[in-house]
Amino acid sequence: MKRPFIVTLTSIIMFVTGLINLLISAVVLLNRNDDQFLTDADATTSEVTTLGLVLVGVGLAAVLVAIGLWSGSKLARAAAALVGVGQIATGIYTLIALDI
């Protein structure tokens, strides 16, 4: 059975956003002890570390769900909604915690 276009599009977008989350988390975690980075972010090491680890979790979840969507998993379709909520929550946390 051919997968619907919207599922294909969602899986591609979710895969790309998952990779972006993983890339950003790597930058954040690699710079968590850099004084200039912390000053620019107006955050503590623990806040930056927490953000980086949350981004790793959300990014990995997004990539795994995207792969599941691509392969046609019905469970992945349900999980896609949860990952979307996680990505929204991460964005809100970032705005609040880093006072952007």
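Which hand does the crossing of H3 and H4 have, left or right? I opened the notebook with that one, keeping in mind that this is a predicted model.

**Entry 1: the H3 and H4 pair.** I looked up the crossing of H3 and H4, and it is left-handed. Their axes lie 9 Å apart, and the packing angle is about 160°. Since angles over 145 degrees count as roughly antiparallel, I noted H3 as roughly antiparallel to H4.

**Entry 2: who meets whom.** Next I listed the residues in this contact. On the H3 side I found, among them, Leu51, Val54, Leu55, Val58 and Val65. On the H4 side the list includes Ala76, Arg77, Val83, Gln87 and Tyr93. Sorted by class, the contact of H3 with H4 has 14 nonpolar, six polar and two charged residues.

**Entry 3: the loop.** I then went to the loop between H3 and H4, where Ser73 is found. Is Ser73 buried, exposed or partly exposed? Its relative accessible area is 27%, so I wrote down partly exposed. I also checked Ser73 against Val63, ten residues away along the chain, and their C-alpha atoms are separated by 14 Å.

**Entry 4: helix H1.** Last, I turned to H1, which covers residues 5-30.

Technical notes
Residues are numbered from 1 along each chain as its sequence is written. This is a predicted model: local features need pLDDT of at least 70, side-chain atom pairs count only at pLDDT 80 or more; totals for chains, interfaces and linings use all residues. Side-chain values use heavy atoms; hydrogens and water are left out. Helices (H or I, at least four residues) and strands (E, at least two) are DSSP runs, numbered from the N terminus. The expected span of a helix is 1.5 Å times one less than its number of residues. Axes are lines fitted to C-alpha atoms, for helices over the stretch in contact, and angles run from 0 to 180 degrees between N-to-C directions. Angles under 35 degrees count as roughly parallel, over 145 as roughly antiparallel, 65 to 115 as roughly perpendicular and the rest as oblique. A crossing is left-handed if the near helix is turned anticlockwise from the far one by less than a right angle, and right-handed if clockwise. Contact means heavy atoms within 4.5 Å. Ala, Val, Leu, Ile, Met, Phe, Trp, Tyr, Cys and Pro count as nonpolar, Asp, Glu, Lys and Arg as charged, and the others, Gly among them, as polar. Buried means under 20% relative accessible area, exposed over 50%, partly exposed in between (1.4 Å probe, protein chains only).
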